[in-house]
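User: Hi! Could you walk me through this one?
Analyst: Happy to, here it is.

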Amino acid sequence: MSADVLALLDHHLLDVAGTYRDPNTGDPIQYDALRIEHDQGDVEIVIYNRAILLFRTDSEAVRRIHEVCCRLG
């Protein structure tokens, strides 16, 4: 994993585990799934229709997830 992605993990990305948005919101349904394994357990993050969610919300968590997805993609 690159240093810039690891730096993002240090900024509390592990605290935003969960599922974001309704999978029935967009057409076609798009999703990103992240699984982060670390010494204290695993964290799973699933975000549906990320582009729609970015435009409709002002969530810091969604912005952080988006940044990681962009750097991994």
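**Contacts and fold**

Analyst: In this predicted model, residues 24 or more positions apart account for 57% of the contacts (heavy atoms within 4.5 Å) with a separation of 6 or more. As a predicted model, local features need pLDDT of at least 70 and side-chain atom pairs pLDDT 80 or more, while totals for chains, interfaces and linings use all residues. Residues are numbered from 1 along each chain as its sequence is written, and side-chain values use heavy atoms, without hydrogens and water.

User: What pattern does the protein follow along the sequence?
Analyst: The pattern is α-β-β-β-α-α. Helices (H or I, at least four residues) and strands (E, at least two) are DSSP runs, numbered from the N terminus.

User: And what order do the strands of the sheet have?
Analyst: The order is 1-3-2, in an open sheet of three strands with mixed pairing. Strands pair if DSSP finds at least two bridges between them. Strand 1 (18-20) and strand 2 (31-38) are at the edges with a single partner strand each, so one side of each has no neighbour in the sheet.

User: In which sense do strand 1 and strand 3 pair?
Analyst: Parallel, over three bridges. Tyr20 has Ile47 in strand 3 as its bridge partner.

User: Where is Ile65 found?
Analyst: In helix 3, residues 60-72. Its C-alpha atom is 8.9 Å from that of Leu34, 31 residues apart along the chain.
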